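Me: Could you take a close look at one part of this model with me? I would like to hear how the pieces there are put together.

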Amino acid sequence: MTRKETIRRSKVAADRAERLIANYRPLPGVADEFIGHDGSIRPHWMRFVESMAELGPDEVQHRFGLADRHLADSGVVFRAYGTENGDERPWPLSHVPFLIEPKEWARLEAGLIQRAKLLDAVLGDAYGDGRLAADGALPAAIIAGSPEYLRPLVGAKPVGGHHLRFYAVDVGRGPDGRWWVVSDRTQAPSGAGYALENRIALSRALPDLYRSFNVERLAGFFQAFRTGLNSLNRHEETRVALLTPGPLNETYFEHAYLARYLGFVLVEGEDLTVRDDTVYMRTISGLKRADVLLRRLDADFADPLELNPASRLGVPGLAGAVRQRNVAIANALGSGLVEARAMLGFLPGLARRILGEDLILPNVATWWCGQTLERDHVMAEFDRMVIAPALGASVPGLLERGAELGGTIDPERKADLIRAIGRRGTDFVGQEAVQLSTTPVWRGEGETARLEPRPSILRLYVARTNDGWTVMPGGFCRISDQPDARAVTLHQGGASADVWVLSDKPVAATTLLASPDKVALQRKTQTLPSRAAENLFWLGRYVERTEATLRIVRAIAGRHIDAEYDGAAVVAQLVATLAAGGSIGEADEEATPTERALAVLTARDDFNTVPRLAQASRRAASVIRDRLSPDAWRTVADLEALLNQPLEAETDSDMLERANAALRLIAAFSGLVHENMVRQQGWRFLEAGRRIERGLAIARAARFCGMSGKPGELDALLELADSQITYRIRYVMLAARVPVVDLVLLDGGNPRALAFQADRIRALLADMPAHAPAGLLAPADRLATRLAAELGTADAAALDGDELLGFEQALMNISDEIALAYFTHRRAADPVDGGE
């Protein structure tokens with residue numbers, strides 16, 4: 001590039017930067033990240049604008065597209081409550097990072113560490129000696145009246161001595177430019193995993209800016225946090241487990257992502273059991289000790305025996321294990337106590353009493369209505385106050401959806417609320433109405449692109465490590481899509497932004513991965529929880545059952561399009577096969593074969609129809625999403641989406657086209673499983689499920705279409721077994737009973753044959769963890785060996801329907817024995833320590 005061209009491009013970039021700055025319109029009276037308190041653009045934002053202008057509008061859009069594609073390809077989603085079925089939504093990324101310069105970060109860091117120490121001390125006192133309440137420094141009503149105060153845990157000192165291990169703070173900038181704490185998150189703070197994904201997406205899209213701005217790395221924080229939790233393990237072989245409520249939780253993706261990133265085992269409550277006040281993980285190798293749990297489940301749901309009896313998510317007996325100090329939980333059960341809004345009004349005094357310091361980061365001004373003077377002040381300033389629940393998320397009948405601005409409440413409700421505050425002020429607080437500070441977002445494309453201010457709130461994270469409290473040098477920023485929002489939620493159209501903490505000097509690259517010269521080679525799988533094994537097993541069964549059902553529907557539709565002389569009789573047998581598999585109910589008896597096949601292909605509410613089977617496949621896959629490749633997960637999700645779409649017309653041709661499209665997706669999934677999954681225990685359970693279901697399908701199809709010897713039915717059987725080409729090459733003749741039955745049932749070299757499935761099941765079981773004394777076969781192995789032997793010695797000419805029914809029953813018995821041994825542990829060995 002010539003000097004003249006360089007000068008011209010620099011001038012164009014300078015003009016773009018000038019336009020971006022000139023068109024920025026901060027909201028009056030609101031603190032803004034882009035514009036300093038003195039009205040000038042903050043220097044680091046000026047650098048950012050100039051850098052973006054130099055890229056040019058086309059390159060900027062290309063970079064933003066890269067970030068969006070990374071998130072889409074990684075399957076980053078969140079679940080939106082309040083929508084039908086709790087729909088998963090793509091992760092919304094704001095492409096402009098939230099920038100924090102070094103001096104501001106130093107003050108934030110000091111304030112966050114101070115606050116973590118304070119809240120941990122308050123929790124220690126509340127569940128310990130209770131001196132704060134006894135001395136009147138913290139009203140007993142705030143502690144005892146909180147739904148998060150768990151009395152069964154009083155006196156239970158946590159392993160390691162700290163109630164808080166991972167703590168989050170929502171902060172905003174006040175009108176005077178200072179940072180204020182809006183709320184504390186001590187129950188099970190979310191967002192850190194999404195912060196990691198935001199960072200990966202944006203740093204890859206803007207690598208030159210990322211390096212030139214000397215952005216602090218996040219990996220060191222997570223490395224220290226992981227090391228701190230691992231140090232709580234009492235047994236060398238045990239691993240930290242991340243306890244999740246399950247795939248229906250709104251941030252389940254984050255749970256799975258963090259478990260993978262940190263090397264923890266992702267578990268649900270049913271994966272754990274308590275024996276003799278000790279927590280064990282159910283694995284395919286038996287019960288293994290679980291010494292440390294990173295909790296993403298609300299404490300009240302953690303133990304249905306001593307806490308919430310309605311919970312189906314927790315672990316019975318967990319509170320007892322905590323009291324006996326046999327398990328460390330981060331954060332400790334009951335730590336949500338200090339999230340109460342009422343606590344904010346007392347933290348300044350508690351800081352001086354406990355730490356001997358004033359709060360570095362002040363709270364939003366809060367008045368607890370359980371005190372006379374404070375209640376009177378709230379009543380006097382009611383219309384200018386935010387009226388909020390003091391101890392929980394809501395006040396039933398009055399503040400069902402949480403906080404409300406007093407001046408916006410209708411007169412009748414306002415009168416009811418004032419009376420309620422007068423009667424029972426302990427349930428309410430008044431808070432200063434906060435106008436959220438704004439941060440720049442990118443709007444538009446090309447030369448008309450501009451920066452606009454949008455309300456934002458910043459979530460920052462603190463972890464307890466072996467070296468004390470450590471702050472994540474970054475965070476999770478939520479940005480509203482509405483210019484005048486007082487709260488930010490991603491469910492209502494908001495977005496998230498990466499948080500760049502800038503440094504004055506180059507930042508060393510850090511990673512959680514070991515350096516290449518220090519990697520210890522290993523080829524065995526890590527501990528596989530029973531729930532993960534069960535869902536892999538049933539994913540295999542559901543996908544294979546979907547395929548078998550689609551093949552029958554396709555065969556019916558094809559015969560209606562190209563009717564044969566005995567087409568009606570063949571279709572009747574195919575319909576009977578569907579009925580035997582549970583896809584057609586009694587209500588369908590009066591329907592025509594085409595109507596029955598159409599219902600199987602499209603009905604979403606009936607048992608074992610294709611849409612229901614695809615839905616079951618996706619549900620099973622969602623539970624073990626951390627064990628599937630993004631391509632495999634997307635294939636399962638695409639299958640469900642395809643089969644839930646209405647047909648353009650309910651004709652045989654449309655049915656045939658839909659079945660073919662779905663079968664191609666299933667073939668893609670099978671190929672991904674076959675080529676991409678490592679042959680370890682997870683794959684073995686998935687494969688066993690597929691082989692059992694395929695064996696059931698082919699035995700059932702042979703029972704209805706292979707025993708009569710009619711050519712039309714035998715052709716249908718060959719089609720269902722995908723063996724037409726092999727048969728024509730091998731025999732060059734019309735379908736005959738004995739060679740067809742031999743090919744689809746007894747040929748061990750045919751991957752669709754029943755004998756092949758039996759051999760594979762026997763081999764897979766032999767490689768699974770033993771559940772019988774050395775030298776003896778476990779029940780499932782005995783059944784599989786017997787079935788393989790019977791098929792290996794069977795005579796195709798002598799096989800009849802009763803024998804085929806016996807083969808089906810043997811396969812179902814094998815499935816039951818696998819469940820007993822590996823999923824329910826009714827045949828499990830005694831608890832043992834260590835991994836597989």
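Reply: Happy to! Let's start with helix α13 (residues 372–380), which lies across β13, β14 and β16 (428–432) and runs at about 120° to β13. Helix α14 (residues 411–423) also packs on the sheet, where α14 touches β14, β15 and β16, and the direction of α14 makes about 115° with that of β16. A word on terms: contact means heavy atoms within 4.5 Å. Axes are lines fitted to C-alpha atoms, for helices over the stretch in contact, and angles run from 0 to 180 degrees between N-to-C directions. Helices (H or I, at least four residues) and strands (E, at least two) are DSSP runs, numbered from the N terminus.

This is a predicted model, in which local features need pLDDT of at least 70, side-chain atom pairs count only at pLDDT 80 or more, and totals for chains, interfaces and linings use all residues. Residues are numbered from 1 along each chain as its sequence is written, and side-chain values use heavy atoms, with hydrogens and water left out.

Now for the sheet under those helices. The sheet is open, with 4 strands in the order β13-β16-β14-β15 and antiparallel pairing. β13 (366–368) and β15 (404–405) stand at the edges with a single partner strand each, so one side of each has no neighbour in the sheet. Two strands count as paired if DSSP finds at least two bridges between them. Strand β14 (residues 385–389) pairs with β15 in the antiparallel sense over 2 bridges, and Val-386 has Leu-405 in β15 as its bridge partner.
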